[in-house]
Amino acid sequence: MAEDHISHTNYIALSDDDSDDEAQHNYGPRQPTEMQGTVLKWTNYIHGWQNRYMVLKDGTMSYFRNQDETAYGCRGSISVQRANVKPHEIDENRFDVCLNDCVWYLRTLTPEEKHQWVDAVEQHKVQ
């Protein structure tokens with residue numbers, strides 16, 4: 001089963017700094033959380049769910065075959081600023097990112113990981 005090949009998502013909040021200096025100053029609204037890590041992406045009925053390395057940064061979600069290939073360019077990207085993010089009604093680890101006629105079907109190892117990704121994508125949406 002594809003779940004046997006899932007590796008945990010590595011969360012990196014590149015824009016969050018919990019230093020004492022920042023806590024003493026109000027710099028305005030916080031920047032959206034930037035994330036990267038491996039999640040499952042539905043490819044097709046022949047190959048099914050495949051591990052993909054995702055990067056969420058500057059309002060764009062990009063994916064790569066794996067982390068080692070990030071220097072060679074992404075395999076696809078989607079602007080999440082106007083996208084619709086839908087947690088799956090039955091699968092507690094799945095969520096979909098939809099923009100116009102483009103839909104990415106994504107799965108994480110745990111519901112907590114899914115919630116972190118969904119929350120981070122929501123932060124990047126245009127207000």
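Modeller: Let's start with the cysteines: counting pairs of cysteine sulfur atoms within 2.5 Å as disulfides, the count comes to 0. A disulfide, by the way, is a covalent bond between the sulfur atoms of two cysteines. Take Cys98, which is in no disulfide: the nearest cysteine sulfur belongs to Cys102 and is 8.5 Å away. Cys98 is buried, with a relative accessible area of 13%, while Cys74 counts as partly exposed at 39%. Here buried means under 20% relative accessible area, exposed means over 50%, and partly exposed is in between, using a 1.4 Å probe and protein chains only.

Before we go on, a word on where this comes from. The model is predicted, so local features need pLDDT of at least 70 and side-chain atom pairs count only at pLDDT 80 or more, while totals for chains, interfaces and linings use all residues. Residues are numbered from 1 along each chain as its sequence is written, and side-chain values use heavy atoms, with hydrogens and water left out.

Now the overall layout. The protein has 2 helices and 7 strands, and from the N terminus on they run α-β-β-β-β-β-β-β-α. Helices (H or I, at least four residues) and strands (E, at least two) are DSSP runs, numbered from the N terminus. Of the 127 residues, 35% count as buried.

In soluble globular proteins, nonpolar side chains tend to be buried together. A nonpolar core here is a set of buried Ala, Val, Leu, Ile, Met, Phe, Trp, Tyr and Cys residues joined through side-chain atoms within 4.5 Å. The largest one has 18 residues, and Met61 and Val97 touch the most other members. Strands S1 (35–44), S2 (48–57), S3, S6 (94–99) and S7, along with helix H2 (111–123), each supply at least two residues of this core. H2 gives the most, with 4 residues. Leaving out residues up to four places away in sequence, Met61 touches several residues, including Met54, Ile78, Val97, Trp104 and Trp117; touching, or contact, means heavy atoms within 4.5 Å.

Next, the rings. The structure holds 3 aromatic pairs. Rings of Phe, Tyr and Trp (its six-membered ring) pair if their centres lie within 6.5 Å; planes under 30 degrees apart count as stacked, over 60 as edge-to-face and the rest as tilted. Trp42 and Trp49 have ring centres 5.4 Å apart and planes at 70°, so that pair is edge-to-face.

Tyr63 lies in S3 (residues 60–64) and Trp104 in S7 (residues 102–107), so the pair ties together parts that are 41 residues apart in sequence. Tyr63 is buried at 13%, and Trp104 is buried at 6%.

Finally, look at two loops. Asp58, in the loop between S2 and S3, has a phi near 55°, a positive value in a residue other than glycine. Asp58 is exposed, at 57%. Asn100, in the loop between S6 and S7, has a positive phi of about 55° although it is not a glycine, and it is exposed at 74%.
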